[in-house]
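Please prepare a briefing on helix surroundings and aromatic contacts in the model shown here.

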Amino acid sequence: MKRIWMGILIAGFAATAGALPPGSMAPEFKGVDSNGVQHSLGEYRGKFVVLEWADRGCPYEKKHYESGNMESLQKQWTSKGVVWLSILSDGPGQQGFVTPAEENDYLKTMKASPTAALLDPKGTIGHLYDARTTPHMFVIDPSGKIVYQGAIDNQPTPDPASLKGADNYLNDALNAAMAGKPVPVAITKPYGCNVHYAN
């Protein structure tokens, strides 16, 4: 299992940033969350939106969730009016696939607080955004344009100790954009585990 994960991790880190450059309009989508509620990107026009591709079994995701880092970011930004959508695009039978009940149990256990966790088992949203890894982060501004996409920070390792002193690109992007300033680093190479799309 360790060798399989290492192959996945290396492949994920080697992936280049996706095909949606900063400044482009974020593709519209609709998705159903873990509570059966439908969401669309368009309904959040006028607000900043974070998209976070997630897979609770990925060691990189575990670093951010088991340390409380991701939950802290969710609480910090949603309290400021940012919409945070966690997206699970792993297909049935693939690593990372979960049922709505399983996802809700995980969110409760982790004390996570995204605005919603969208289940995307067909990979429709993931393919629209060319989401490569977990995590792969996007920041969308109130006009619907992508202002950041890529890694969550500059520490491509599953070691929780790396969080200390890390440059969090997501924070940098939101702080700048919400202050009306240019995002200092608008695109980076996402790192983590490959998104396991349905065959």
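Which residue takes a positive phi just after helix 2? Gly68 does, at about 90°. This is a predicted model, in which local features need pLDDT of at least 70 and side-chain atom pairs count only at pLDDT 80 or more, while totals for chains, interfaces and linings use all residues. Residues are numbered from 1 along each chain as its sequence is written, and side-chain values use heavy atoms, with hydrogens and water left out.

**Helix 2**
- Helix 2 spans residues 59-66, helices being DSSP runs of H or I with at least four residues and strands runs of E with at least two, numbered from the N terminus.
- Its buried residues (under 20% relative accessible area, 1.4 Å probe, protein chains only) are Tyr60, Glu61, Lys63, His64 and Tyr65.
- Glu61 touches, among others, Trp53, Met70 and Pro135, not counting residues up to four places away in sequence; contact means heavy atoms within 4.5 Å.

**Aromatic pairs**
- The structure holds seven aromatic pairs, defined for rings of Phe, Tyr and Trp (its six-membered ring) with centres within 6.5 Å, where planes under 30 degrees apart count as stacked, over 60 as edge-to-face and the rest as tilted.
- Tyr65 and Tyr106 form a tilted pair, with ring centres 5.8 Å apart and planes at 55°.
- This pair links Tyr65 in helix 2 with Tyr106 in helix 4 (residues 100-110), 41 residues apart, and both residues are buried.
- Tyr148 and Tyr169 also form a tilted pair, at 6.3 Å centre to centre and 35° between the planes.
- Ring pairs link Phe29, Trp53, Tyr129 and Phe138 into a cluster.

Key
Buried means under 20% relative accessible area, exposed over 50%, partly exposed in between (1.4 Å probe, protein chains only).
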